Amino acid sequence: MKIWKKTKEFPEGKFLVVRRDGSVPHWPQFVLGARDPAAPAALLAYAQEAERFGYDPEYCQSIRELAGDFVDYWSIHGDGDPDAPPHRKDDPDVLAAMRGEPEPRAIVVRCDQRNTPKGAMEK
């Protein structure tokens, strides 16, 4: 399956990215998760490229540290399923926010159920 953002069925993408002030960035973004074994390499490549662009060295080092945190988390919790098709019920208000619909939306945010198996969340 393609990344969701590049499909006809899910052009709004897989994740809603929200800033701390509640606003949603209008530019494309890509969320990495620690259960994706490819993510640490992506973070390390990003840190290297950021260094080349002259970003703050502390920023670059903190990205490398985050890559290590991802490895640690993955070693305990195992693989996720970053290339899996949808397996959760969509919230229509979240989808509306992701699509940039102009109506003001109030969405409910629920804490993740940690690494509960997908089927167990629906019981």
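## A nonpolar surface patch

Patches are made of residues with over 30% relative accessible area and no salt bridge, where like charges are joined within 9 Å and nonpolar side chains (Val, Leu, Ile, Met, Phe, Trp, Tyr) within 5 Å. A salt bridge is a side-chain nitrogen of Lys or Arg within 4 Å of a carboxyl oxygen of Asp or Glu. In this predicted model, local features need pLDDT of at least 70, side-chain atom pairs count only at pLDDT 80 or more, and totals for chains, interfaces and linings use all residues. Residues are numbered from 1 along each chain as its sequence is written, and side-chain values use heavy atoms, with hydrogens and water left out.

One nonpolar surface patch consists of Y46, F53, Y55 and Y59, which together have about 430 Å² of accessible area (Shrake-Rupley method, 1.4 Å probe, only the protein chains shown counting as cover for residues). Y55 sits in the loop between helix 1 and helix 2. Y55 has a relative accessible area of 39%, so Y55 is partly exposed (buried is under 20%, exposed over 50%, partly exposed in between).

## The second largest pocket

The lining of the second largest pocket includes Y46 and Y59, along with L32, A42, L43, I63 and L66. Helix 1 (39-52) and helix 2 (57-77) are the elements that each give two or more residues to this lining (helices are DSSP runs of H or I, at least four residues, numbered from the N terminus).

A45 belongs to helix 1. A45 counts as partly exposed because its relative accessibility is 44%.

Definitions and conventions:
1 Å grid on protein atoms, 1.4 Å probe; cavity = no way out; pocket = protein on both sides within 12 Å on 5 of 7 lines; lining within 4 Å. Buried < 20%, exposed > 50% of the residue type's maximum accessible area, 1.4 Å probe, protein only.
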